[in-house]
Amino acid sequence: MNERIIVVDFGAQYTQLIARRIREAGVFSEILPCTVPIHDLEGVRGIVLSGGPSSVYQAGAPQLDPALLQLCRDDGAPMPLLGICYGLQALVHAAGGRIQAAAHREFGRTRINIFHAEDLLKGMEDGSQVWMSHGDLPLDVPQGYEMIADTASAPIAALRHQVLPHYGVQFHPEVVHTEQGHRVFENFVRDICGCSCDWSPASFLEQKIAEIRDVVGRDNVILGLSGGVDSSVAACLIHKAIGEQLTCIFVNNGLLRHGEWENVQRTFRDHFHIRLEAVDASERFLERLQGVTDPERKRIIIGNTFVHVFEEAMSAISFTLGAKPKFLAQGTLYPDVIESVSFKGPSVTIKTHHNVGGLPEDHPFEILEPFRELFKDEVREIGTLLGLPKEMIGRHPFPGPGLAVRILGAVSDKTLELVREADRIFIEELHAQGHYDAVWQAFAVLLPVQSVGVMGDERTYEQVCVLRAVTSRDGMTADWAKLPLEFLGYVANRIVNEVRGINRVTYDISSKPPATIEWE
């Protein structure tokens, strides 16, 4: 933690992913907004400028402070800079170069031609695949800089200053679609910034336990437990830090997966020996969701109801503990935050997540989010260090609003039964046929449409189910899983035969981007 690389956020959806890649290289990374004062960047080893949705030449677009180009580190050496996409354009613009709208926007894979394979691009193969996502391009190379790579559609795909440790790339090395993107970050933090690269999840765990003890003191914490990876690891981490000061509350919102209500109670009471209060509020959630079809409204209703259920349980819990809990803990992750609100910069909102959105402004708790700056794979590493069972750590992500956002349209007992059973069959077969661990996330979605079918020589008019399975490293980007056709056919056949009310099954082959993993 003594070495830091700052990511200056210009509003990119991938900003958190940049920080993740830097941490993978062994250096702690912190994100600050593009409006950060220069003096807040003192004491760091290097700075990365993120992408963003703006055009740098438009009025009101975020700009790079020209003073950043003159910034030095504590040892007097020039501050290393790396601009990515919009960050490259902001760097070029601040250095006196020109940016213009590209003749054609570029979103997707392309091949890079490398002219100088030393320093920043060392180890990247000439002609390797990179990922582009931009509508503007540098028109020329500023004075003092030189081009080090291009692509078929980007004449300046990468550049560097001839004297200062300032670099820029038009492509996105942080996404998995750039085949050797990790090389860019390794070269930047190790060779250009000179970092020793000794940060790890183990060092994070040690620091976070001490931090929780310091923040919580002698107060009590309640944690909304879902049984998923994030809240489960958070519960074990906080329990390790403060022991009996933690009480987990597991709310049955009626939107859980098959068997989850019983399994979670058994696991945390019998295996982890963590104090657990189970509250069945399913009827209240479903009553408030009745007739609601807008996904944002669903999330807000679920978030508000979730906290109100907590408040109503407080009198009994406070009596048992002898004091009212001061903190509400959540398993919020980086992707939750970056897709919901501006974390430490002007990132564009895609959708509100249950963990970070929907909480009423007058809720009585201080929020404790130990994983707010971690990705899913990092949380799984923390879980392994804490000794959680492999089957729990490897469980697929599940959204905070549960099955409500996997039912496109109104939520009812009937639609919940359909999607829950279809999902159960899909997951059951993924386990049985050895595909579960190769998939990042898999689930069923119920569409608000009906289609004509034929069963037993009779006409049916029933609902359509979509199967969704993706591969990913961190949830920020994802590819659709290439599951065997025979497997998909078998699962579809089981669903149509066993789930009365579904007569058609489809498979989603969209990647993220441009789609999201969840449908709502």
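Modeller: Buried means under 20% relative accessible area, exposed means over 50%, and partly exposed lies in between (1.4 Å probe, protein chains only). This model is predicted: local features need pLDDT of at least 70, side-chain atom pairs count only at pLDDT 80 or more, and totals for chains, interfaces and linings use all residues. Residues are numbered from 1 along each chain as its sequence is written, and side-chain values use heavy atoms, with hydrogens and water left out.

Colleague: Does Lys298 count as buried or exposed?

Modeller: Lys298 sits in helix H8. Helices (H or I, at least four residues) and strands (E, at least two) are DSSP runs, numbered from the N terminus. The relative accessibility of Lys298 is 0%, so Lys298 counts as buried.

Colleague: How far apart in space are Lys298 and His39?

Modeller: In sequence, 259 residues separate them. From C-alpha to C-alpha, Lys298 and His39 are apart by 43 Å.

Colleague: Why do the buried residues of H7 line one face of the helix?

Modeller: Helix H7 covers residues 282-289, and Ser282, Phe285, Leu286 and Leu289 are buried there. Look down the axis of H7, taking the arc from the directions between helix axis and C-beta atoms. The buried residues line one face because they fall within an arc of 95°.

Colleague: Which exposed residues does the face of H7 turned away from its buried side carry?

Modeller: An α-helix has 3.6 residues a turn, so residues three or four places apart point the same way. On H7, the face away from the buried side carries two exposed residues, Glu283 and Glu287.

Colleague: At what angle do H4 and H10 pack?

Modeller: Axes are lines fitted to C-alpha atoms, for helices over the stretch in contact, and angles run from 0 to 180 degrees between N-to-C directions. H4 (residues 201-216) and H10 (residues 376-385) have axes 10 Å apart. They are therefore roughly perpendicular (65 to 115 degrees). Their packing angle is about 70°.

Colleague: Which residues of H10 make the contact with H4?

Modeller: Contact means heavy atoms within 4.5 Å. H4 contributes Pro201, Ala202, Phe204 and Leu205. From H10 come Glu381, Ile382 and Leu385.

Note on methods:
Angles under 35 degrees count as roughly parallel, over 145 as roughly antiparallel, 65 to 115 as roughly perpendicular and the rest as oblique.
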